[in-house]
Amino acid sequence: MAASALGWALRAARQVLPSPCPRQVRSYYVDWRMLRDVKRRKLAYEYADERLRINAIRKNTILPKELQEVADKEIADLPRDSCPVRIRNRCVLTSRPRGVKRRWRLSRIVFRHFADHAQMSGIQRAMW
Amino acid sequence: SSVLSTEKDKSDSKDSTTEVASKSRESAAETPKQKLLDIIGNMKVEVSYRKKLQELKTREIKKQAADKLEGPDSEGAMLQRTTEDMQRGKPLNPDLVEAASAVASSLPLNKKQTESELLAQLRRHEETTDKQKKGGIINIRNVISEMAVKRQSPAQRAVRISNRISLELDEDGQRIKPERLSQSFDSRRYFRCFFFFVYRSLKVGRRLNIFTKASTETENALKKVSSPTIWDLEFAKEIAAITAQPPRNGFEEMIQWTKEGILWEFPIDNEAGMEDDAEFHEHIFLEKHLEDFPKQGPIRHFMELVICGLSKNPYLSVKQKIEHIEWFQKYFEEKKEFLQEI
């Protein structure tokens with residue numbers, strides 16, 4: 001049981017791309033938390049429509065309440081990782097959960113590192 | 001004397017037959033050669049032919065002179081015939097010659113003369129047939145010279161020409177021809193005649209059989225392709241890997257990225273990837289999808305609100321909207337019993 005789970009996790013961690021890519025590609029995620037975040041994002045994408053529709057039934061004043069309660073139960077039955085609330089915008093390179101700028105998807109430290117090396121397009125040290 | 005004459009006639013006929021036979025043998029042997037000679041020089045034939053034939057005939061005469069029963073008469077006849085032969089170009093079909101001689105012999109008067117006349121007729125017939133076979137080169141000049149000059153009114157002329165030459169463009173809606181009255185007759189006649197002959201020659205004549213008829217091949221029905229095996233997929237992957245060379249410069253790299261979808265296409269198309277061929281009314285008037293729902297009740301109210309919201313949504317395609325409505329339909333169908341309890 002543990003071995004199978006480990007094997008599956010390893011395979012997930014490897015994430016080998018199917019198409020032959022001549023460039024250098026990172027074949028592992030930074031850490032397991034990042035991997036879990038990736039899984040959550042995928043599931044959230046899959047169940048997005050259903051969740052939207054069931055929520056439309058729930059957040060309703062027209063339909064009977066019994067129906068809404070049934071809808072509540074239904075949405076609770078969906079996998080927990082399918083809700084978008086559990087997604088955390090981590091840094092793409094370091095998997096840092098905090099201090100991440102949304103536009104660049106990078107944590108502040110990495111951002112600063114790249115900006116100082118002039119590898120961020122249009123970023124300049126502020127001076128006024 | 002009558003007996004003598006009959007005997008003479010018989011012998012004459014015999015001689016003529018033998019002579020004819022010999023001549024026919026000769027002619028049979030010589031026909032290919034003489035045919036060739038004919039083909040080479042039509043005009044010059046008579047002179048050379050005459051000489052050759054003369055030689056051959058004299059030889060034959062000398063050979064047959066020994067076998068001859070009767071002397072001068074037959075020889076004279078032979079000589080006469082040879083000269084006649086020499087005068088004509090081509091020898092006749094031996095069967096025809098024999099038939100002519102038989103006819104002549106059957107007729108009462110002057111067999112030799114009739115025979116010679118018949119042979120002459122045959123030769124003339126042969127000549128004409130030869131000419132036709134070789135191939136009716138329509139000498140346009142001869143034909144045109146035979147044609148008489150006819151005065152026509154310009155309108156008639158124009159009509160006729162326009163009828164034959166359908167390619168003439170009418171400018172200003174009027175015929176061009178009447179303006180060219182001053183042109184000479186000959187040129188136009190030539191033109192017309194030439195056109196006439198061209199038109200005729202296109203439709204008339206034996207088929208050349210150069211081009212084979214384009215066979216209307218029935219398009220091969222799509223062969224049932226079985227799903228590609230693993231080996232095929234691997235092979236395809238291998239080929240793709242080999243052919244995909246690393247980019248030599250930045251441009252090729254950008255091309256590759258664009259193909260993969262990493263780089264957008266410039267100038268940027270705001271509707272890239274969005275292919276909605278539906279009209280606006282299909283987006284807005286979605287009530288027709290509400291037919292399966294009950295007309296009264298909260299569900300109908302709810303669905304009308306849903307449709308109102310969908311009609312204002314520019315981000316979804318018509319297909320997605322229809323799917324949305326269908327999902328709700330399915331959901332309420334499942335909950336029907338539950339709803340009826342309420």
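The structure is a predicted model, in which local features need pLDDT of at least 70 and side-chain atom pairs count only at pLDDT 80 or more, while totals for chains, interfaces and linings use all residues. Residues are numbered from 1 along each chain as its sequence is written, chains are lettered from A in the order in which they are written, and side-chain values use heavy atoms, without hydrogens and water.

Chain A has five helices and two strands, arranged along the sequence as α-α-α-α-β-β-α. Helices (H or I, at least four residues) and strands (E, at least two) are DSSP runs, numbered from the N terminus. Of the 128 residues in chain A, 26% are buried (under 20% relative accessible area, with exposed over 50% and partly exposed in between, for a 1.4 Å probe and protein chains only).

Helix α3 (residues 48-58) of chain A packs against helix α4 (residues 65-77) of chain A at an angle of about 150 degrees, with the axes 8 Å apart. Axes are lines fitted to C-alpha atoms, for helices over the stretch in contact, and angles run from 0 to 180 degrees between N-to-C directions. The contact (heavy atoms within 4.5 Å) involves A:Arg51 and A:Ile54 of α3(A), among others, and residues of α4(A) including A:Leu67 and A:Ala71.

The structure holds zero disulfides over all chains, a disulfide being a pair of cysteine sulfur atoms within 2.5 Å. Two cysteines are listed below.

| Residue | Relative accessibility | Class |
|---|---|---|
| A:Cys91 | 0% | buried |
| B:Cys308 | 35% | partly exposed |
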